[in-house]
Amino acid sequence: MSIMLEVTGLKKYFKVRDGYLHAVDGVNFSIEKGKTLGVVGESGCGKSTLGRTILHLLSPTAGKIVFEGEDITNPSKHELKRIRENMQMIFQDPYSSLNPRMSVSEIIMEPLVLQGKLGKNEVREETLRLMDVVGLAGRFVNAYPHELDGGRRQRIGMARALALKPKFIVCDEPVSALDVSIQAQIINLLLDLQEDLGLTYMFITHDLSVVKYISDDIMVMYLGQIVEKAPSDELFRSPLHPYTQALLSAIPIPSLRNRKERIIMRGELTSPVNPKPGCRFKDRCPHASAECSQDQSLLKVSDDHFVACWKYDSL
């Protein structure tokens, strides 16, 4: 398999009153073509910032982004327009990510019109085709977002993301605002589109059950850094980082007999503003020791399993 996206040492800092907030801090990973990388972690860990920085909705502070062998870290305006045709995003909130003053067809048409490659009739035909692809009935062509439910709104966002025929899509918690039954429909639609169109996904979520279902590999983030990365099945079977273990222990099991022990994380969150060296989870980790005050990069445990923990082999 060839590599679609490779990220090296990516950082995104925000200037605040007391210094710099390290939202994404030295992230390294790659995604193979046609695969899905799940990115998980609690709110505020930098998942969405990572996705937006890769797509240049936010400018990177440092690091390198390579897409299909091309360095796109600092593109010109002309290059960015070309890149955006191949890299798109499905946003988390289907309510605020759509222009309420535009109809369904106008929202989906907009990227096609801005691209300027199709005539007026061709744009309309392509819009109807995209609506059909994502399961939106043609009767909604002149409807407005407020007239539709959350599932249909998210399908509009998906059609808009697919309009320019991208190769890579960042799915930023695309089902978190939807009912469970609608979540299943959207997830299955994403999987069908991936198979039919050969898409590559970066799937951001805090729902571990969803990420296991859709992802080939999973990357766990904590306060801007990667703490573990492994194939989906292996991560669930053998989590190595204490934070990953705590996350997985929180997944509910629909059984009164087979209850598992919940790992409760105690202690204060490390501040992401000018963080001190060392593991950022150490103040909440029951296994922390003096060596955890030293920085630890990802260690290769097996062919595809990486973990950033000094004591992973003794847990």
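Biologist: Let's start with leucine 37: which residue is its bridge partner in β9?

Modeller: Heads-up, this is a predicted model: local features need pLDDT of at least 70 and side-chain atom pairs count only at pLDDT 80 or more, while totals for chains, interfaces and linings use all residues. Numbering runs from 1 along each chain as its sequence is written, and side-chain values use heavy atoms, leaving out hydrogens and water. Across from leucine 37, the partner is aspartate 217.

Biologist: And valine 39, what's its bridge partner in β8?

Modeller: β3 and β8 (residues 200–204) pair in the parallel sense over four bridges, and pairing takes at least two bridges found by DSSP. In β8, valine 39 meets isoleucine 204.

Biologist: How many residues of β3 (residues 36–40) are buried?

Modeller: Buried means under 20% relative accessible area (1.4 Å probe, protein chains only), exposed means over 50%, and partly exposed is in between. Thr36, Gly38 and Val40 are buried on one side, Leu37 and Val39 on the other. In general, side chains in a regular strand alternate between the two sheet faces. β3 is largely enclosed by the rest of the structure, because the buried count is five of the five.

Biologist: Which strands sit at the edges of the sheet?

Modeller: The open, mixed sheet has eight strands, ordered β6-β7-β8-β3-β9-β10-β12-β11. An edge strand pairs on one side only, and here those are β6 (87–90) and β11.

Biologist: Is aspartate 303 buried or exposed?

Modeller: Aspartate 303 is in the loop between β11 (299–300) and β12 (306–307). Its relative accessibility is 64%, so aspartate 303 counts as exposed.

Technical notes:
Helix = DSSP H or I, 4+ residues; strand = E, 2+ residues; numbered from the N terminus.
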